[in-house]
Amino acid sequence: MKKRIYYFTGTGNSLRTAVNIAERLGDTELVSMRGDAVELSAEDCDVIGFVYPVYHWTVPEHVVKFVEGLKINTTAYIFAVANPSLICGFACEKMAELMRAKGAELAYANIVNCVANYVIVYPPFPSPKFMVPRMEKKAARIAEDIANRRLKAYPKAGALTRRKMKKFMGPYLELQKYADNPFTISDACISCGLCAKVCQCKNIELKGGKPTFLHHCSNCMACVTSCPKRAIGYEISAGDRALLNASGSKTSLVKIMGLPAKRKLYRNPYVTVQDLTEDIIKIH
Ligand SMILES: Cc1cc2nc3c(=O)[nH]c(=O)nc-3n(C[C@H](O)[C@H](O)[C@H](O)COP(=O)(O)O)c2cc1C
Ligand code: SF4
Ligand code: SF4
């Protein structure tokens, strides 16, 4: 029986959930969604999982694109686990929709609420000390469900989330257009290339020893939180602010976005920077 979990992770929460499930399942391959979906087909898998964070109340765009391009065995036991901080929104129903488009059904879907990691907007919260043990417990319960092939209908977005999606998420989505423009590289950079290796979207290349961003960033925060010299900053330029304001998203969000040098960063304590560089992790 072939078991595979596809994961996307910036700061390790989703990877840690995937590892917890794989350890309970045994003999499972964890495959990063940074790879090429066509080459990573799941047509020969009997158990297929998708584990990912929640961005802007839904499935990250990078994950949507990957799953759209992936061939799967439609008769497999298919599960999804979303890892939001507070608001999961459409992140499970969107995955169910992606499966239906392939003629498959999501047999099981669940949520692990995690430490919020969007460090270019806010410091991580709640405190990892408080939150991580809760994340571990929830992931263990989910792993048990999945190991026993239990069924669970996917959680749907509430009425309030549906009504307020446009209002609250509009500015954030607008900001995505400038996703990696505001990144800065300071003189502290030692050209080690780690940011490129951990990037979940293959969005960083070292040119003349300096990281350059290729404009398909998902703001996953892997580079920011993995740089050994804390050389990656985030400053919205006057030009980008003007563009954002002109696009009608005058919002306090645009004012607060930025990465003060002293802001706390976050990576799941069970996940190493090396783990974030892997394409495939085998769990026996
Ligand atoms: C770009 C971005 C958007 C996010 N949007 C949401 C959101 O809409 N709702 C939510 O609950 N958490 C949101 N978060 C928080 C992450 O979903 C959460 O911290 C997640 O556990 C991170 O997973 P990872 O460590 O696997 O990257 C967002 C984080 C980022 C970086
Ligand atoms: S990880 Fe940091 S120090 Fe290394 S190349 Fe990237 S920005 Fe420079
Ligand atoms: S450039 Fe940084 S934030 Fe953007 S996708 Fe790559 S690692 Fe994530």
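Modeller: Helices (H or I, at least four residues) and strands (E, at least two) are DSSP runs, numbered from the N terminus. By this assignment, the protein chain has ten helices and ten strands. The model is predicted: local features need pLDDT of at least 70 and side-chain atom pairs count only at pLDDT 80 or more, while totals for chains, interfaces and linings use all residues. Residues are numbered from 1 along each chain as its sequence is written, and chains are lettered from A and ligands numbered from 1 in the order in which they are written.

Biologist: What radius of gyration does the protein chain have?

Modeller: The radius of gyration is taken over C-alpha atoms, and the globule rule is 2.2 Å times the number of residues to the power 0.38. For 284 residues the rule puts a compact globule near 19 Å, and the protein chain has 19 Å, so the two agree. Along the principal axes, the C-alpha atoms fill a box of roughly 55 × 45 × 40 Å.

Biologist: In what order do the six strands of the open sheet stand?

Modeller: Strands of a sheet pair through backbone hydrogen bonds, either parallel or antiparallel. Two strands count as paired if DSSP finds at least two bridges between them. Here the order is E5-E4-E3-E1-E2-E10, with mixed pairing. E5 (108-111) and E10 (280-283) are the edge strands, each pairing on one side only. Neighbouring strands are turned by 15 degrees against each other on average, direction ignored; the axes are lines fitted to C-alpha atoms, for helices over the stretch in contact, and angles run from 0 to 180 degrees between N-to-C directions.

Biologist: How many bridges join E1 to E2?

Modeller: Five bridges join E1 (residues 3-7) to E2 (residues 28-32), and the two run parallel. Within this pair, Arg4 stands opposite Glu29.

Biologist: Which strands does helix H1 lie across?

Modeller: Contact means that the C-beta atoms of two residues, placed from the backbone, lie within 7 Å. H1 (residues 13-25) lies across E1, E2, E3 (47-53), E4 (77-83) and E10, and runs at about 155 degrees to E3.

Biologist: Is Gly49 buried or exposed?

Modeller: A residue is buried if 20 or more other C-beta atoms lie within 10 Å of its own, exposed if 12 or fewer, and partly exposed in between, with C-beta atoms placed from the backbone. Gly49, in E3, is buried because 27 other C-beta atoms lie within 10 Å. Leaving aside neighbours within four places in sequence, its contacts are Ile5, Tyr6, Ile21 and Phe79. The C-alpha atoms of Gly49 and Ile5 are separated by 4.3 Å, although the two residues are 44 apart along the chain. For the protein chain as a whole, 41% of the 284 residues count as buried.

Biologist: Which residues is Glu29 in contact with, leaving aside neighbours within four places in sequence?

Modeller: Glu29 is in contact with Arg4, Ile280 and Lys282. With 17 other C-beta atoms within 10 Å, Glu29 is partly exposed.

Biologist: Why is helix H3 described as largely enclosed by the rest of the structure?

Modeller: Seven of the ten residues of H3 (residues 91-100) are buried, so the description holds. Among them are Ala91, Lys94 and Met99. The buried residues of H3 pack against E3, H2 (61-69), E4 and E5.

Biologist: Where is Lys202 found?

Modeller: Lys202 is in the loop between H6 and E7. Its phi is positive, about 50 degrees, although Lys202 is not a glycine. Ser191 also has a positive phi, near 55 degrees, and sits in the loop between E6 (183-185) and H6 (194-198). Lys202 is partly exposed, with 13 other C-beta atoms within 10 Å, whereas Ser191 is exposed, with 12.

Biologist: How many bridges join E7 to E8?

Modeller: Four bridges join E7 (residues 204-207) to E8 (residues 210-213), and the pair runs antiparallel. Ile204 has Phe213 as its bridge partner in E8. The hairpin has two residues between the strands, and Gly208 takes a positive phi near 60 degrees there.

Biologist: Which residues are closest to ligand 3?

Modeller: A residue is near a molecule if its C-beta atom, placed from the backbone, lies within 6 Å of it. Of the 16 residues that surround ligand 3, the closest are Cys199, Cys217, Cys220, Ala222 and Cys223. Around ligand 2 there are 14, and the closest are Cys189, Cys192, Leu194, Cys195 and Cys227.
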